[in-house]
Amino acid sequence: MRFQINYNIDMFFSVKIKGFRGISGLEIRDFKQFNLIVGRNGSCKTSILESLYILINPTAPDLLLKTNLFRGLDAINENNLELLFHNFDYEASILLEANMSGNDNYRVLRIKPRYGIGASIKSQIDSPNNESWDERFFQSGTIPAINGVTLESTFTDNEGKKRQYKSELLLEKEGTVFRKPSPKAYVEKSIGIYLSPEIFARVQTATQLNKVLISKRKDHILKVLRQLDPVIEDISIGLDSTVYCDLGFPKMVPINVLGSGMYKMLSVVLAIENTQGGIVLIDEIENGMSPTSLDAMWKAIIASAKEFEVQVFATSHSLECIRSLGTIAGERLEHLEDDIRVYRIEKQKESFNAIGFNINDIKVAIEKDWDLR
Amino acid sequence: MSEEDNKEISLECEIVPINSYPKYKNELQKKKLIIVEGKDDLYFLNYYLKHLDIMDIEVRPIGGKICSGNLEPFIKSHRNFNSLKAIGFIVDADDHNAAHEFKRLTVEIITVNNNSPIPGLELKCPDSIDEFSVNSPRIGIYVLPNNFDSGRLEDLFLNCVRGKPGMACVLPFSTCVSELDDPPRNLSKMKALAFIATQKELPRGVGGAAQHGIWDFGSSELDKLKTFILSL
């Protein structure tokens, strides 16, 4: 089935990023259904995924904290909040823009810092016996310059009509405060999920699998997993939320024992199947997968995403991963010709470029042994 | 291709004294680039550039006849392409004359340019075969063997070794071969390989002949090509 742009589903067409994490400025256009972002270490591939994740619901302040969490950072440490700003330059606010399908097709998010006396210092003065804040203050060793951010989002619909919202995120000694959009609540219809290598083992795989089991789609999941290990007979969830596999032994075994590749495959396919009409963002997609399993992984991703009309963004720095996608795409050229792009992110001094490769480019580069990364 | 042939190719790659591949295989290191069709062109030009003591030009093969279908991924795959100051295309005229190949290649380059392969890159072709475009990067096209006639790298090679003793053996041989019922498609290549076969050392192809000093780099047949390279 050829993927047709359905304006009832969520799909990014382009993104502009300015002043976010390591990115001074970057624009990527012409996104397709399957987008693989490649580049060397430090080319800010993950930051691009995070930008897209935030733009799925620009009015939700908690998404900013989640991006820190995905990186294994303490989400409510105000020092880590500073890491959102390029070169710690708070004066220049973060600007994220995206062109999407749907009614609110152009969305702009400006993230500004909230200044004030450092939250840690204030808490120390106000409450010297508050151990947790004192500990955090002394451990960090730095005085946080900001204690929150303001999110100003603007949505422009197909007729050019604009709607503006403001929301806030504050890290205070009483806890994290989210102030949702004002003056009236914004209802975001777009859905998405971010799969980080840091939290793959902790994602709610059991919950996701449960949804699939309830929807009577277990056979499809088993078919996907059997591409990696044909001996899997069945899959179920224990009361301890562990996912168990039946390998034909007297007892079922946790899926984790089959290796990180199996767990990764399951997590990715479950994420796609439970994000129907939405966006799935996968950081370091090759992580945990052996090169010989990459073809099976891409086949599973493409088949699932086609069926559930999901747009997929993934990052990788593996040449094998790119070659595998190119090979799979080449085999199904007539179905995928306009559906796949590989973007190489180039950092040149302070500027960033995104070089887009279509299927022909990928095929030729693989044949000629040119390195796309 | 036999295993032995492969070994020789890799050996040639290793001992190319200049323009050897940098740390990152597809990262351009210099501000001037010559794009050629195949490995023979690559080896010949690398040794010729060394002979001319030119160190600021990099040569890269595209692996076939240059067209938009391979030029666009070539540009995208090679980092620093948008930092180039000058690009030279050195290609074979093959069965047409140089003007025909020049026209064909400019159409391919314009097609690639219209696709905007890299942000900020503008490829503007020269108006005629003896000119360079004035944009950055400057672009020039040289069509082998001599920017005028039909032919290829092997014809340039044969012109350079004309009058050498070995050619006396090649002429009757090529006459004999051309009278066969099913003669080789590429007679120039046949002659070039036959001449190489008269030498004490037997390199593979005209690219290897450059390595073994069989080309006469002082030949006036190379003057037009030399002018093109020096103008890059």
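Where in chain B does Pro145(B) lie? Select Pro145(B): it sits in the loop between E4 and helix H5 (153-160) of chain B. The model is predicted.

A cis peptide bond joins Leu144(B) and Pro145(B). Omega there is about 15°.

Now go to Pro137(B). It is in the loop between helix H4 (98-114) and strand E4 (138-144) of chain B. Most peptide bonds are trans.

Next, backbone phi. Most residues other than glycine have a negative phi. Select Asn80(B). It is not a glycine, yet its phi is positive, about 75°. Look for Asn80(B) in the loop between helix H3 (68-77) and strand E3 (86-92) of chain B. Asn80(B) counts as partly exposed because 17 other C-beta atoms lie within 10 Å, between the limits of 12 or fewer for exposed and 20 or more for buried.

Switch to chain A and pick Arg21(A). Its phi is positive too, about 50°, although Arg21(A) is not a glycine. Arg21(A) is in the loop between strand E1 (12-20) and strand E2 (23-28) of chain A. With 19 other C-beta atoms within 10 Å, Arg21(A) is partly exposed.

Last stop: Lys66(A). Select helix H2 (residues 62-70) of chain A and find Lys66(A) in it. Lys66(A) has 17 C-beta neighbours inside 10 Å, so it counts as partly exposed. Then draw a C-alpha to C-alpha distance from Lys66(A) to Asn41(A): 22 Å in space, for 25 residues in sequence.

Key: Residues are numbered from 1 along each chain as its sequence is written. Chains are lettered from A and ligands numbered from 1 in the order in which they are written. This is a predicted model: local features need pLDDT of at least 70, side-chain atom pairs count only at pLDDT 80 or more; totals for chains, interfaces and linings use all residues. Helices (H or I, at least four residues) and strands (E, at least two) are DSSP runs, numbered from the N terminus.
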